[in-house]
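This report describes a pocket and the helices that contribute to its lining.

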Amino acid sequence: MSGLEHLAPSSLRTLAEQPLLATGGTVLIYLVGSRISRASGHHPILNLTLLAIVIVACCLDAIGIPYETYLRAADHIHFMLGPAVVLLSVPLFRQRATICGSAPLIALALTIGLPIGIISGAGIAWALGASPRVVLSLAPKSVTSGIALGISEQIGGVPGLTVVVVIMTGITGAVLGPIITRLAKIEDARIVGLAMGIASHGIGTARALQIGETAGAFSGLGMALNGVLTSVLLPVIIYFI
């Protein structure tokens, strides 16, 4: 029998509530997932975010720790998401000349990508007969979770459902994005980055950074602009509808 089996559930819960253990365990899982992803040559299916989620979920289920307990203990990592997003300004700064020369491309990508991101979620749900709250919850699925939560609350969606759909969208885009662009023979890193950033926000941007700095910079820009424009336009559109 393993050592964990000798511990009472209350003892395991107490251990899980220790920030050092929760944070350290998460970092260890990230390193394991990163090694697996690198060993596969960054295969799209072995996406680092997907691997980390699966391993964390399996570990929590195996030792009987509620997700809420783990989330409270690992709050330091959640806090660091803010500075991590700010660091996306580094590739943006390095690629500023290319970005300035690509204004028409960026505008076209947002003009097409923003409404498709909304319609592909809300439109399909509406066509399948989903309730209005579910439809509204799916509308901001292509926006990064922090912004999507605010939009969902403002337009009358279910924030919990929105978060789940946002994460699923990000993982799907990160896994399928490189495959689809390769099959479509799209080699322009700017287009690949914009598509992944607009369609699959932060998780897609993390995958784009693995492709290259140009793709990562345009993905981060697409994610930011799509988030801002969606947060402004979507509530207005819902209001008039």
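## Lining of the second largest pocket

Helix α12 supplies the largest share of the lining of the second largest pocket, 9 residues; helices here are DSSP runs of H or I with at least four residues, numbered from the N terminus. The model is predicted, so local features need pLDDT of at least 70 and side-chain atom pairs pLDDT 80 or more, while totals for chains, interfaces and linings use all residues. Residues are numbered from 1 along each chain as its sequence is written, and side-chain values use heavy atoms, with hydrogens and water left out.

The pocket holds about 650 Å³ of space. Among its 28 lining residues, Ala195, Met196, Ile198, Ala199 and Ser200 are the closest to its centre. A pocket is an open set of points on a 1 Å grid over the protein atoms alone, where a 1.4 Å probe fits, with protein on both sides within 12 Å along at least five of seven lines; lining residues have an atom within 4 Å of a point. The volume is the space filled by probe spheres set on the points, which are joined across faces, edges and corners. At least two lining residues come from each of α9 (103-127), α12 (159-183) and α13 (189-211).

## Helix α12

The end C-alpha atoms of α12 are 35 Å apart, which agrees with the 36 Å that its 25 residues should span at 1.5 Å a residue; the expected span is 1.5 Å times one less than the number of residues. A kink of about 40 degrees lies at Leu176, shortly before Pro178; the bend is the angle between axes fitted to the seven residues ending at a residue and the seven starting there.

Buried residues of α12 include Val165, Gly173 and Pro178, where buried means under 20% relative accessible area (1.4 Å probe, protein chains only). Their cover includes α3 (48-63), α10, α11 (145-155) and α13. Just after α12, Lys185 takes a positive phi of about 60 degrees.

## Helix α9

In α9, a kink of about 35 degrees is centred on Ile119. Buried residues of α9 include Leu110, Gly113 and Leu114, and α13 and α14 (213-240) are among the elements that cover the buried residues of this helix.

## Ile198 in helix α13

Ile198 is placed in helix α13 and counts as buried because its relative accessibility is 5%. Beyond residues up to four places away in sequence, Ile198 touches Ala109, Leu110, Gly113, Leu114, Ser142, Gly222, Met223 and Asn226, a contact being heavy atoms within 4.5 Å.

Terms used
Buried means under 20% relative accessible area, exposed over 50%, partly exposed in between (1.4 Å probe, protein chains only).
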